[in-house]
Amino acid sequence: MNVFHMQSRSLKEIILFYRAQLAKLRKLGIGTRTENDVVVTQQLIDVTQKRLEQLSINAVIQKAKNSGTVGEA
């Protein structure tokens, strides 16, 4: 397994984690508490969504670089 594959796999696992967390936060709803006693707020949902979007964009860029479709600026 090469370094890129390991990084790509790790990034995919992190993205899956954030997707699951976001779904859980939305399901619990604002004002409820998680199993770790964290209060779900709109700000928490928003920042989780934003990080998921950032990670997803990075995954696309990383995949494109590996396939040679993105040139270095």
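I began with a term: a residue counts as exposed when its relative accessible area is over 50%, as buried when it is under 20%, and as partly exposed in between. I also noted that this is a predicted model.

Entry 1, charged pairs. I searched the whole structure for salt bridges and got two. In one of them, the side chains of lysine 24 and glutamate 35 meet at 2.8 Å, N to O. Lysine 24 belongs to helix α1 and glutamate 35 to the loop between α1 and α2, so this pair ties together parts 11 residues apart in sequence. I then looked up the accessibility of both partners. Glutamate 35 has 58% relative accessibility, so I put it down as exposed. Lysine 24 has a relative accessible area of 24%, so I put it down as partly exposed.

I found another salt bridge between the side chains of arginine 33 and aspartate 37, at 3.4 Å, N to O. Aspartate 37 is exposed, with a relative accessible area of 52%.

Which residues make up the largest nonpolar core? I listed eight: Leu11, Ile15, Leu22, Leu25, Val40, Ile45, Leu52 and Leu55. The elements giving two or more residues to this core are α1 (3-28) and α2 (42-67). The largest share, four residues, comes from α1.

Leaving aside neighbours within four places in sequence, leucine 11 is in contact with Leu55, Asn58, Ala59 and Gln62.

Terms used:
Residues numbered from 1 in each chain as written. Predicted model: local features only at pLDDT ≥ 70, side-chain atom pairs only at ≥ 80, totals over all residues. Heavy atoms only, no water. Core = buried A, V, L, I, M, F, W, Y, C linked by side-chain atoms within 4.5 Å. Buried < 20%, exposed > 50% of the residue type's maximum accessible area, 1.4 Å probe, protein only. Contact = heavy atoms within 4.5 Å. Salt bridge = Lys/Arg side-chain N within 4 Å of Asp/Glu carboxyl O.
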